[in-house]
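Please consider the following points while the model is open before you.

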Amino acid sequence: MHLIQVDSVQRWMEDLKLMTDCECMCILQSKPISIEKEEQNELILSSQYNTCDNLQLLLKRAWIISTELTRIAQKLEKNRWQRVHSMTVRVNCHVRSMINEYNTFTRSSPEEMHQLEKLLVDKCSEFTAFTERCLQTEDEEILKSMKSCVNETLTTVAQYFGQLIELVLTQEAQSLLRQIELSGSLCVTESAISSLFSLAQEGAHLCRIIAKEGGVVALFKICRQDCFRCLYPQTLRTLASICCVEEGMHQLEKVDGILCLADILTDTSHSEATHAEAAAVIAQITSPHLTFTQHLSSFLENMEEIVTALVKLCQEASSGEVFLLASAALANITFFDTMACEILLQLNAVKILLAACSDRCIVDTPYSRDQVVTILANMSVLDQCASEIIQGNGVQLLMEMLFEKCSSGNPAEAAACERVQQKSAVTLARLSRDPEVAEAAVKLSCIPRLIKLCRSPTERNNSDSVLVACLAALRRLAVMSPDGLEDSDFQQLVKPRLVDSFLLCTNMEESFV
């Protein structure tokens, strides 16, 4: 389950309310307090906000229960019976609180859910009583024989809990989708889409549930109605989240989603925000990391107009975020079909991308530079690309990318910087088959920089992929300009087999003398 990383003290402060409520329930032996119906809301764990807030509360409670169950299994393995029992009591109370909370804010629940709730509560009570008997037993042999029964009960509790959460989330997804499909109100539809987006952010499992319940179909239906135009950006953002799973892709294919995206991207009456979010969906469904590619056949049919629209969006982008989304979509498209690279050449995309890189307000992060250099690397397999790079002063840009450094210490940014270095070296290696490009690279002192990256692990953030790419580029340039290398560099980095040079550089100690 997706959880945002926050300061540990802040996390404790947030969880304290849940934990203290749990302790109160322990003292009362989980018995409900008899109060007037109209006052009931005052004793709920958290104030009643909207559906999204209640779902977040439910997911938070579910995460705590899941974590406690895992910890019980660990303590049980070590025969820590006192801890096992106290944690079992806590889980028992959390389960009852979660069920009470959910039944308070939900209007109606199916009979199947009530049956699961009863099974889970009964099994939790049985689990608590079981661990209490274990606590009162000192005979090691008896405890050993009871341990397997405790394990079996724990497994059953976890199974019932998982089924209940699955059913709850499915019902909530169904409720939100009914609101989207049946409501003609802009306000209600917007609220439902917002809640659906929040649900999708909780991870791939939630996205699968939403997709199976027809979420993709419902959202594309919104994108085909002019009366909901102002909701297109929000709707497309939700679609991008859901389409990270295979079930979402299948639904997209069934409703001709790619054709709808192409229509949105090519419709100049739409806002830049709408175009950017449509580009984000394209980037998601064309990700090279996805193993399912059934949807790509219909994508190829609309590829030319989609690529044309994305290049235009890159050229006219008013912010770094818009450029990042459009360029990411283009970068992904260039991975699965060389025809995309040929279309990009015809559209003067190299010139447009290189011009954007000179604007620090547009290409303002390593992530954007990563997308640009990915496109250049994939286009560099075409012979015509070299002249475009030369004309746009692209070799200079590639040289600058070899100096890409992470300034924040953020792991994601550091990884992006590594990719920029690696791909710029790969692009140089490919383009240097053209003597004109190789000559320009030598004049810009690319060879000394490549040698530095090979010999100094800190310069490449200890990345092996950057090392391999730099060795390949260095060898290509050495063929064109052998005079640019000292003998020791030639003997160690160029002359041996690539694998031998790689091993030499990975074992190299930096000298600070």
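Predicted model: local features only at pLDDT ≥ 70, side-chain atom pairs only at ≥ 80, totals over all residues.

1. The lining of the largest cavity comprises seven nonpolar residues, no polar residue and one charged residue. Here Ala, Val, Leu, Ile, Met, Phe, Trp, Tyr, Cys and Pro count as nonpolar, Asp, Glu, Lys and Arg as charged, and the others, Gly among them, as polar. The lining residues are Leu58, Met98, Ile99, Tyr102, Glu117, Leu164, Ile165 and Val168.

2. Residues are numbered from 1 along each chain as its sequence is written, and side-chain values use heavy atoms, with hydrogens and water left out.

3. How many cavities of 30 Å³ or more does a search of the whole structure find? The search finds one, and the volume of the largest cavity is about 40 Å³. A cavity is a set of points, on a 1 Å grid over the protein atoms alone, where a 1.4 Å probe fits but cannot get out; lining residues have an atom within 4 Å of a point. Points are joined across faces, edges and corners, and the volume is the space filled by probe spheres set on them.

4. Helix α15 (residues 320–336) packs against helix α18 (residues 366–379) at an angle of about 30 degrees, the axes being 8 Å apart. The two are therefore roughly parallel, a term for angles under 35 degrees. Axes are lines fitted to C-alpha atoms over the stretch in contact, and angles run from 0 to 180 degrees between N-to-C directions. Among the contact residues are Phe323 and Leu324 of α15 and Val372 and Ile375 of α18, contact meaning heavy atoms within 4.5 Å. This contact has nine nonpolar, seven polar and no charged residues.

5. α15 also meets helix α12 (residues 272–285), the axes coming within 8 Å and crossing at roughly 30 degrees. In this contact, Ala276, Ala279 and Ala280 are among the residues of α12, and Leu325 and Ala329 are among those of α15. Its residues divide into eleven nonpolar, one polar and one charged.

6. Helix α23 (residues 446–455) and helix α25 (residues 487–494) have axes that come within 12 Å and cross at roughly 55 degrees. They are therefore oblique to each other. Ile451, Cys454 and Arg455 of α23 make the contact with Ser488, Asp489, Gln492 and Leu493 of α25. By class, three residues are nonpolar, two polar and two charged.

Note on methods:
Helix = DSSP H or I, 4+ residues; strand = E, 2+ residues; numbered from the N terminus. Parallel < 35°, antiparallel > 145°, perpendicular 65-115°, else oblique. 1 Å grid on protein atoms, 1.4 Å probe; cavity = no way out; pocket = protein on both sides within 12 Å on 5 of 7 lines; lining within 4 Å.
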